[in-house]
Amino acid sequence: MERFFQYLFDGLSLGSIYALLALGLVVVFRGTGHLNFAQGEMAMICTFVVWQFNDWGVPLVLSIILGMIVGFALGAGVEATIIRGVAKKSQAGVFVVSIALFLGLNSLAAMIWGSLPPEQLPGLFPDEPDDFQRIFGAVWRYEYIGVLAVALVLMGLLFLLFAKTKFGLAMRAVASNPESARLAGIPTGIVLASSWGIAGAMGALSGTLWGGIVGELNAGLMFTVFIYASAAATLGGFDSPGGAVIAGLTIGVGEQFLAGYFPGWIGQEMKLSAALLTIFVVLLVKPSGLFGSTKVERV
Amino acid sequence: MLRIDEGSTRHWLLRLLGFAVITFIVVWVPTQMSSSRIGQFTDAFILMIAAMSLNLVLGFTGQISIGHSAFFGIGGYTAAILIKDHGWSPGYTFYAAAVVAFVVGCVVALPALRIRGIYLALVTLAVAVLFPTLVRWKKLAWLTDGSKGMDSVRYEDVPVWPILGELKGREGRAVFMFWLGLIVVVATYLVCRGIVKSRFGRALVAIRDNETAAAVMGVNLTTTKVLVFGVSAALCALGGVLSTLKSGVITPDGQYVTLLGSIVFLLVMIVGGAGTLWGPIIGGLVYVWLDNTTRDIGTSDSGILGALFGWADQSPATLILGLVLVVIMFAAPYGLVGLAKRLGRKVVVIVPRPVGSSTPR
């Protein structure tokens with residue numbers, strides 16, 4: 001039972017990070033219908049920005065807020081300058097451009113911060129060896145509790161933004177029918193850029209939380225997290241923010257259980273593959289994810 | 001502007017000219033260039049094969065696949081295992097790899113029957129992530145040698161082909177791999193062309209344009225999709241065999257075996273021109289050229305780039321590659337072949353033969 005709760009806690013905390021990045025993917029997909037391959041790398045760059053501010057003596061919380069602002073500007077800027085121009089001409093082009101961003105940002109981070117000694121990003125929460133709480137015999141570190149709490153609060157705020165504000169309504173309008181939305185007087189350009197911006201800001205936070213757990217920053221920081229996040233977005237349904245959160249947490253918990261209970265066959269090396277295979281099977285039954293809407297087509 | 005009737009003498013002369021130019025390049029490269037240059041052309045051939053195979057599935061059938069690196073790896077590993085453990089002659093492994101990959105491709109196609117669009121992208125991404133971990137998995141180490149991979153998988157002595165004469169040493173091997181690569185590229189191209197211009201190819205395009213409508217018109221979605229995935233996987237595996245024979249090494253982290261391989265194949269295909277027969281060929285050449293040029297620029301400290309990027313800790317090669325890709329997509333949203341067709345139309349127009357004319361092709 002102790003093991004069960006241990007895996008559950010670890011899984012929930014890690015899963016909340018996947019869920020944050022997955023939410024970014026879903027926000028972008030709902031807004032513009034694109035899979036942003038560079039989401040993870042944008043998050044990685046912002047994490048370095050947070051570290052840099054912190055290194056210059058800015059308090060950590062303020063650095064994170066600055067990092068999120070940079071993330072917003074990066075996301076919105078990329079959408080307004082590059083993505084929109086290419087998307088008008090070709091959808092496949094957007095894919096290439098997001099891959100190009102992926103490569104470019106990755107290389108940029110290595111160019112700026114590459115040869116420094118491995119940067120230690122201080123954790124946002126107390127992470128001394130004895131900073132933990134025992135619940136049902138399992139160790140729940142404050143750091144992990146903090147990550148989960150921050151992630152859940154941010155998701156809550158985001159849902160309020162979607163459901164209760166005028167801006168959220170505009171976003172939904174643009175997602176469902178851009179042309180009618182424009183005719184109704186919604187500034188679609190600003191809305192689209194903002195949805196990329198929001199995704200960028202959330203990426204910055206998920207990167208910082210993940211960086212705090214990993215400890216050392218490098219250009220490959222977010223690659224695996226990005227795969228988990230896109231798996232979460234797929235499992236939840238690419239147009240369902242709630243689905244992304246539930247799927248992110250489920251994947252986080254699920255991989256801990258798979259790795260923990262089958263150390264010989266799955267273990268740490270195969271847990272990503274095992275999680276992906278499970279999702280694969282789920283998709284065979286529900287091709288649009290658990291909470292995604294099925295596309296109905298008129299011929 | 002020049003107007004030429006399709007099938008007229010002038011049209012044939014134009015085609016002959018194109019063929020002559022290509023033949024000239026193909027003969028000139030291995031006889032006149034340095035062996036490292038020849039090797040780069042072989043690299044381009046490898047990418048062309050993979051991108052052509054991906055083009056069948058994505059460009060013509062509209063089924064996104066980020067899993068082709070796995071087929072590529074299956075080809076490479078089949079060759080390595082057969083040569084090392086079973087003493088096969090390298091040439092025959094092409095056939096075996098194609099058969100193995102065909103079967104795996106058909107199995108991977110099964111989810112594509114139900115899952116579409118972005119969801120299919122993730123399922124195939126899962127295949128790409130799964131393959132290297134499976135190869136590295138300790139329970140399969142007896143077959144794949146785990147994470148250290150397999151080495152010295154190559155022609156010990158290059159076979160003697162009467163036309164080429166006797167080829168010796170490293171340079172000889174480079175020349176031989178060039179010709180071998182060229183043969184595989186031509187074969188792959190002919191298979192793709194044959195498929196695309198056939199009834200089966202029409203069915204593929206119908207599925208791409210509107211799946212439901214295609215089904216209503218009598219296209220059997222199941223067999224068509226399964227077959228095209230199988231053929232595509234088999235062709236991609238040929239690229240994998242060629243790559244392994246060229247470098248002599250294959251590891252789970254090797255070039256094009258991981259997820260990054262799939263991404264490169266997609267880049268090559270889209271930059272060249274998705275859904276065109278020549279797109280992947282142009283894309284492969286351009287990509288390898290860009291990759292090598294940016295790497296050279298990245299290592300030189302002089303000139304304008306040295307001034308621009310002198311502060312950088314690491315080479316800006318990938319950043320420049322990314323920027324160039326963005327520029328290409330702005331200038332040629334339908335790929336380089338799309339751009340060439342648009343510009344070419346201003347110079348020469350091939351007037352198609354009237355529909356229903358009975359002139360034999």
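This is a predicted model: local features need pLDDT of at least 70, side-chain atom pairs count only at pLDDT 80 or more; totals for chains, interfaces and linings use all residues.
User: How many helices and strands does chain A have?
Analyst: The secondary structure of chain A includes both kinds of element. There are four strands. The helices come to 11.

User: What radius of gyration does chain A have, against that of a compact globule?
Analyst: Chain A holds 299 residues. A compact globule of that length would have a value near 19 Å, so the value for chain A agrees with the rule. The C-alpha trace spans about 60 × 50 × 35 Å along its principal axes. The radius of gyration of chain A is 19 Å.

User: What share of the residues of chain A is buried?
Analyst: Buried means under 20% relative accessible area. Chain A still has an accessible surface of about 12300 Å², with 68% of it on carbon and sulfur atoms. Of its 299 residues, the buried share is 57%.

User: How far apart do the centres of the positive and negative side chains of chain A lie?
Analyst: Chain A has 15 positive side chains. The negative ones number 17. The centres of the two sets are separated by 19 Å.

User: What area do chain A and chain B bury between them, and which three residues of chain A supply more than any other three?
Analyst: The contact takes 55 residues from chain A and 45 from chain B. The two chains bury about 4400 Å² between them, 76% of it on carbon and sulfur atoms. Of the area that chain A buries against chain B, 15% comes from the leading three: Lys89(A), Val96(A) and Met111(A).

Key:
Residues are numbered from 1 along each chain as its sequence is written. Chains are lettered from A and ligands numbered from 1 in the order in which they are written. Side-chain values use heavy atoms; hydrogens and water are left out. Helices (H or I, at least four residues) and strands (E, at least two) are DSSP runs, numbered from the N terminus. The radius of gyration is taken over C-alpha atoms; the globule rule is 2.2 Å times the number of residues to the power 0.38. Buried means under 20% relative accessible area, exposed over 50%, partly exposed in between (1.4 Å probe, protein chains only). Accessible areas come from the Shrake-Rupley method with a 1.4 Å probe; for residues, only the protein chains shown count as cover. Lys and Arg count as positive and Asp and Glu as negative; His and the chain ends are not counted. The place of a charge is taken as NZ of Lys, CZ of Arg, CG of Asp or CD of Glu. Contact means heavy atoms within 4.5 Å. Buried area is the accessible area (1.4 Å probe) that two parts lose on being put together, summed over both.
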